[in-house]
Amino acid sequence: MTEYTEAESSYKTLSLLAPAVYIVGAGPGDPDLLTVKAQKLLVRADVILFADSLVPEEILNLCRKDAEIIPTANKTLEEILPIMVERVRSHKSVVRLHSGDPSLYSAIHEQMSLLAEAEIPFEVIPGISAFQAAAAKLKIELTIPGIVQTIILSRISGNTEVPKREELAALAAHQASLCLYLSARHVENAQARLLEHYPAVTLVAICFRVGWKDEKILVVPLPEMAKCTHRENLTRTTLYIVSPALSQVIGRSRLYHPEHKHIFRGVSG
Ligand SMILES: C[S@@+](CC[C@H](N)C(=O)[O-])C[C@H]1O[C@@H](n2cnc3c(N)ncnc32)[C@H](O)[C@@H]1O
């Protein structure tokens, strides 16, 4: 007989999962930030594929003890897809866990096309993206009336080319709240492009592994963005938020508390 976790037993009145692929946003890392739907799927799924470099293992504590757990960090899409197809054709439910929200930088477009081609049913379940979790930790509103009303989510060109019309300096010209994913390895270039338009007093929040045990959040003036990134040796899982809203942080003194893991070193406000 199937063994159920405690969380599973609280959902046992729900019907069993249909064989399909459930593309689930796991949120930024803190298991408490999973959606209720993501939790329900995790406690019931037969098979869980997860990007081990981006999803902490604690999230998997919810899974059935007899679930098949497959890490995918070292696998290509060509290897992952046949696994999903085979399991669903064997009448199993498959959760494909992605960090944050699957609509952002999750390479699900190609996965979904191939699943559709193979006539495998799939669903997408949204999650909390890194920028939302970081804004919550920073206690900022990214759209403060009279200061900033637009949020831009982007990245700098790396392995994936950003279209020319979306070049970072062009985005910086809006001086909006700009959330920069996947850019830590190109931080000098990012800083230079941003400073073409943001005033040098603008603050940037450097947010490393928000929601993980080793989370680190540093807030510095824009001209210190690259230096600080290097000093802290941040190369992965780092999100930058550049925003006029950052100088409006409420309750900043709490961030100086010695027990607080954050470092906040701004010049204005
Ligand atoms: C492959 S993308 C996935 C983004 C994800 N779908 C989301 O919505 O947050 C990975 C990048 O997202 C950002 N990221 C994801 N999780 C993060 C976290 N917990 N803390 C900081 N940045 C994170 C970093 O910029 C990282 O390089």
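Predicted model: local features only at pLDDT ≥ 70, side-chain atom pairs only at ≥ 80, totals over all residues.
# Reading a protein model together

Visitor: With which residue does Glu123 form a salt bridge?

Guide: First, the general idea: side chains of opposite charge can pair when their charged atoms come close. A salt bridge here is a side-chain nitrogen of Lys or Arg within 4 Å of a carboxyl oxygen of Asp or Glu. That rule gives 11 salt bridges. In one of them, Glu123 pairs with Lys37, and their closest N and O atoms are 3.5 Å apart. This pair joins distant parts of the chain, as Glu123 sits in strand E5 (residues 122-125) and Lys37 in helix H2 (residues 36-44), 86 residues apart. Helices (H or I, at least four residues) and strands (E, at least two) are DSSP runs, numbered from the N terminus. Lys37 is partly exposed, at 46% relative accessible area.

Visitor: What does the salt bridge between Asp46 and Arg64 tie together?

Guide: In that salt bridge, the closest N and O atoms of Asp46 and Arg64 are 3.0 Å apart. Asp46 lies in the loop between H2 and strand E2 (47-50), and Arg64 in the loop between E2 and strand E3 (68-71), so the pair ties together parts 18 residues apart in sequence. Arg64 is buried, with a relative accessible area of 12%. For another example, Glu232 and Arg231 meet in a salt bridge at 3.8 Å, N to O. Here Glu232 is buried at 19%, whereas Arg231 is partly exposed at 48%. Salt bridges with shared partners also join Asp46, Arg64 and Asp66 into one network.

Visitor: Now a helix, please. Which residues of H4 are buried?

Guide: In helix H4 (residues 108-117), they are Ile108, Gln111 and Leu115. These three cover an arc of only 60° around the axis, which puts them on the same side of H4. The arc is taken from the directions from the helix axis to the C-beta atoms. On the face turned away from that buried side you find the exposed residues His109 and Glu117.

Visitor: What do the buried residues of H4 pack against?

Guide: Contact means heavy atoms within 4.5 Å. The buried residues of H4 pack against strand E1 (21-25), helix H3 (77-89), strand E4 (94-98) and E5. Just after H4, Glu119 takes a positive phi of about 60°.

Visitor: How many residues surround the ligand?

Guide: There are 19, counting a residue as near if one of its heavy atoms lies within 4 Å. The closest are Pro28, Leu104, Ser129, Val210 and Thr238. A polar backbone atom of Leu104 is 2.7 Å from a nitrogen atom of the ligand. The protein covers 94% of the 560 Å² of accessible area that the ligand has on its own, with areas from the Shrake-Rupley method and a 1.4 Å probe.

Notes
Residues numbered from 1 in each chain as written. Heavy atoms only, no water. Buried < 20%, exposed > 50% of the residue type's maximum accessible area, 1.4 Å probe, protein only. Polar contact = N/O pair within 3.5 Å; in protein donor to acceptor, adjacent residues only side chain to side chain.
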